[in-house]
Amino acid sequence: MKYLKTASLILLTTTAITMSANKSYIFYADGVEEVEAVATVDALRRAGMDVVTVSINESPEVTGATGQKLVADSVITEVNPEGAEWIIIPGGVPGAPNLHGNAQVNKIIVDQWNAGGGVAAICAGPAIVVAST
């Protein structure tokens, strides 16, 4: 397992970081830290990565930690992240705990890890990745 740390971004992966044609998914929950969600997507898309933003709500709209409204590309019931390049978990409170409380998110993280795919977590997000479910 490789650990890569840059500022408050920790990447846990069993593979090298690549920019392949596979999609990556970043999950949004109410209370997400807006800058961690939006800046991450912006940087990865500028680097040529295909990133899909996913709301765990029934609708694509999510309210961030400071009250800003974000609109995700999709909702969790409409995506199949099998074979994803990366699963990305941003921080924020209560965003990170809300992600942890979602059984689908936990299953996606475990499945991604077991398949040898990349799992990235930002700020409070690593607590979600390593917390017991």
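## Terms and basis of the model

On a 1 Å grid over the protein atoms alone, a pocket is an open set of points with protein on both sides within 12 Å along at least five of seven lines, and its lining residues have an atom within 4 Å of a point. Grid points are joined across faces, edges and corners, and a volume is the space filled by probe spheres set on the points.

The model is predicted: local features require pLDDT of at least 70, side-chain atom pairs are counted only at pLDDT 80 or more, and totals for chains, interfaces and linings use all residues. Numbering starts from 1 along each chain as its sequence is written, and side-chain values use heavy atoms, with hydrogens and water left out.

## The largest pocket

The largest pocket holds about 280 Å³ of space. It is lined by 15 residues, of which N80, P81, E82, I108 and D111 are the closest to its centre. By class, the lining comprises 7 nonpolar, 5 polar and 3 charged residues; here Ala, Val, Leu, Ile, Met, Phe, Trp, Tyr, Cys and Pro are taken as nonpolar, Asp, Glu, Lys and Arg as charged, and the others, Gly among them, as polar.

Helix α3 (residues 103–114) supplies the largest share of this lining, 5 residues. Helices (H or I, at least four residues) and strands (E, at least two) are DSSP runs, numbered from the N terminus.

## Overall architecture

The protein chain contains 4 helices and 9 strands. Read from the N terminus on, the order of elements is β-β-β-α-β-β-β-β-β-α-α-β-α.

Of the 133 residues in the protein chain, 46% are buried, where buried means under 20% relative accessible area, exposed over 50%, and partly exposed in between (1.4 Å probe, protein chains only). Among contacts in the chain (heavy atoms within 4.5 Å) with a separation of 6 or more, 70% join residues 24 or more positions apart.

## Helix α3

The 12 residues of α3 reach 16 Å from first C-alpha to last, close to the 16 Å expected at 1.5 Å a residue; the expected span is 1.5 Å times one less than the number of residues. V105, N106, I108, I109 and Q112 are the buried residues of α3. Viewed down the helix axis, these buried residues fall within an arc of 160°, so they line one face of α3; the arc is that of the directions from the helix axis to the C-beta atoms. The face turned away from this buried side carries the exposed residues A103, K107 and N114.

Leaving aside neighbours within four places in sequence, Q104 is in contact with I76 and T77. The C-alpha atoms of Q104 and I56 lie 8.7 Å apart, although the two residues are separated by 48 positions in sequence.

## Helix α1

T40, placed in α1, counts as buried because its relative accessibility is 18%. Not counting residues up to four places away in sequence, T40 touches I26, V35, I88 and I122. Just after α1, G48 adopts a positive phi of about 95°.

Most residues other than glycine have a negative phi, and most peptide bonds are trans. The peptide bond from V93 to P94 is cis, with omega near 15°, and P94 is situated in the loop between β8 and α2. C123, in the loop between β9 and α4, has a positive phi near 55° in a residue other than glycine. C123 is partly exposed, with a relative accessible area of 45%.

V130 belongs to helix α4 and counts as exposed, at 65% relative accessibility. Its C-alpha atom is separated by 10.0 Å from that of V110, a residue 20 positions away along the chain.

Conventions:
1 Å grid on protein atoms, 1.4 Å probe; cavity = no way out; pocket = protein on both sides within 12 Å on 5 of 7 lines; lining within 4 Å.
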